Amino acid sequence: MKIVRTSDKGFDREFKRIVNRGKSFDPAFEKKVAAILQAVEKRGDRALFAFTKRFDGVALTAKTVEVSPAEIREALKKTGKKELAVLKLAAKRIESYHRRQSVASWSYREEGAELGQKIVPLTRVGIYAPGGLAAYPSTVLMAAIPARIAGVDEIVMTTPVGRGGLNPIIVAAAQIAGVDRIFKVGGAQAVAAMAYGTESIPAVDKIVGPGNAWVATAKKLVFGRTEIDMIAGPSEILIIADGSADPAVAAADLLSQAEHDELASSVLLTPDEGLAKRVSGEVKAQLKQLSRESIAVKAIRDYGLIVVTSDLAEAADVANRFAPEHLELLVKNPKALLASIRNAGAVFLGHCTPEALGDYLAGPNHILPTGGTARFSSPLGVYDFVKRMSVLNFDGKALAKYGKPAAEFAAMEGLDAHGKSILARLRAKKS
């Protein structure tokens with residue numbers, strides 16, 4: 001791995017290059033995605049099935065697009081007992097964590113007015129679950145369980161099946177998590193179906209879950225017609241380490257993200273130059289042991305970096321600028337350093353908390369902001385599946401006190417009808 005110092009002349013340029021990877025705007029690509037969305041919006045199932053045949057090689061009809069109860073039973077049979085047990089353990093821990101995120105309606109009275117907020121679950125949510133090589137049952141659990149806890153009426157899921165058919169472990173995860181309906185479509189056309197609705201797939205209030213560039217761009221373009229969780233970018237890990245860190249462990253953690261895809265970023269920050277060199281050597285040695293070596297090699301070569309900082313305080317400052325999806329603190333006193341951290345999707349404290357544990361069954365959600373968006377956004381949670389409504393209830397006394405200044409405010413903005421709607425009530429009250 002390349003080793004640089006924060007004092008190096010080219011550090012800022014290298015830093016920005018890694019943070020901004022995968023963010024290039026491609027109008028031609030967006031135009032292709034938009035064409036798929038528009039076709040599905042206009043032609044419904046006909047376009048959806050045509051794109052599925054074209055891109056996935058699967059012929060679907062209105063009768064076969066939805067996963068049937070018999071197909072679900074077959075998928076559960078194909079899933080081994082050991083796998084089911086792991087899925088159920090993960091689901092239990094994810095549910096335990098997310099139940100603590102529940103929010104309640106509230107109100108208060110003040111001078112004759114009752115003011116408050118009503119919390120209402122979304123009616124229908126759609127989950128996009130990648131299929132094929134990028135099939136992640138853990139993501140199905142992470143998306144569906146918070147929605148169920150929030151009280152969403154119906155949870156639907158789309159997942160591409162390809163010529164190999166349904167991925168049984170994805171179906172099993174959906175059943176354990178409480179998904180109500182599963183549809184055998186993927187790509188931008190699946191996002192379009194959930195956003196606009198077709199004869200077979202109902203329109204949803206929100207679409208969540210990661211996908212490839214086609215899916216991410218489709219989610220971006222349908223935002224406004226429906227809500228989305230986030231536009232997921234390439235995976236990333238940033239590690240802050242001191243002399244107490246094991247170089248082999250740090251290298252393994254860096255590679256845990258590098259194997260995701262060629263745009264994944266793995267960065268180590270340390271004030272210990274000796275550790276930096278040892279970790280670099282470990283990465284080189286461990287790369288040869290990976291089944292996805294070619295992917296990890298390219299990711300490490302293009303977006304891997306070891307940065308020697310002046311101290312841990314500077315490391316924390318650089319980490320906050322990066323705002324990583326995953327942040328590990330492999331230091332002697334991680335809680336003390338945590339106090340300096342403002343921007344991260346998830347923070348993993350100490351030598352016994354690998355990021356990979358959080359991917360599966362630690363409990364917190366692994367659908368996290370990427371590409372620096374942790375500066376202003378948060379992990380997926382129960383709060384993402386509810387909406388908030390303001391509730392106002394003024395009695396006559398409160399209206400008498402605040403009506404006239406409110407009408408004066410309307411006059412300042414030149415909105416006469418606003419003021420008259422208030423004054424009419426005040427006059428009626430006096431007569």
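**Notes on the predicted model**

1. Of the 431 residues in this protein, 49% count as buried (buried is under 20% relative accessible area, exposed over 50%, and partly exposed in between, with a 1.4 Å probe and protein chains only). A word on the basis: this is a predicted model, in which local features need pLDDT of at least 70 and side-chain atom pairs count only at pLDDT 80 or more, while totals for chains, interfaces and linings use all residues. Residues are numbered from 1 along each chain as its sequence is written, and side-chain values use heavy atoms, with hydrogens and water left out.

2. Now the overall picture. The protein has 17 helices and 14 strands (DSSP runs numbered from the N terminus, with helices being H or I of at least four residues and strands E of at least two). Its C-alpha trace spans about 90 × 60 × 45 Å along the principal axes. Among contacts between residues at least 6 apart in sequence, 75% join residues at least 24 apart (a contact means heavy atoms within 4.5 Å).

3. On to surface and charge. The accessible surface of the protein is about 21,400 Å², and 54% of that belongs to carbon and sulfur atoms (areas come from the Shrake-Rupley method with a 1.4 Å probe; for residues, only the protein chains shown count as cover). There are 59 positive and 47 negative side chains, with the centres of the two sets 4 Å apart. Here Lys and Arg count as positive and Asp and Glu as negative, while His and the chain ends are not counted; each charge is placed at NZ of Lys, CZ of Arg, CG of Asp or CD of Glu.

4. The model contains 18 salt bridges, each being a side-chain nitrogen of Lys or Arg within 4 Å of a carboxyl oxygen of Asp or Glu. One of them pairs Asp384 with Lys206, at 3.8 Å from N to O. This pair links distant parts of the chain, 178 residues apart: Asp384 is in the loop between helix H15 (355-360) and strand E14 (386-394), and Lys206 is in strand E7 (residues 206-208). Asp384 is partly exposed at 21% relative accessibility, whereas Lys206 is buried at 5%.

5. Helix H12 deserves a look too. Asp302 and Lys298 form a salt bridge there, with their closest N and O atoms 2.8 Å apart. The two are about one helical turn apart because they sit four residues from each other in helix H12 (residues 293-303). Asp302 is buried at 19% relative accessibility, while Lys298 is partly exposed at 28%. The side chain of Asp302 also meets that of Arg301 in a salt bridge (3.2 Å, N to O), and Arg301 is exposed at 56% relative accessibility. As for networks, salt bridges with shared partners join Lys2, Glu14 and Arg17 into one.

6. Which residues form a nonpolar patch on the surface? They are Leu392, Phe394 and Tyr402, with about 320 Å² of accessible area together. Patch residues have over 30% relative accessible area and no salt bridge; like charges are joined within 9 Å, and nonpolar side chains (Val, Leu, Ile, Met, Phe, Trp, Tyr) within 5 Å. Tyr402 is part of helix H16 (residues 396-412) and is partly exposed, at 36% relative accessibility.

7. Two backbone positions may be worth checking by eye. Glu111 is not a glycine, yet has a positive phi of about 50 degrees. Glu111 lies in the loop between strand E2 (106-110) and strand E3 (113-121) and is partly exposed, with a relative accessible area of 39%. Ala323, also not a glycine, has a positive phi of about 50 degrees. Ala323 falls in the loop between helix H13 (312-322) and strand E12 (326-330), and at 0% relative accessibility Ala323 is buried.

8. Finally, two C-alpha separations for orientation. Lys32, in helix H2 (residues 27-43), is exposed with a relative accessible area of 52%. Glu83 belongs to helix H5 (residues 81-98) and is partly exposed, at 37% relative accessible area. Glu83 and Leu263 are 180 residues apart along the chain, and their C-alpha atoms are separated by 30 Å.
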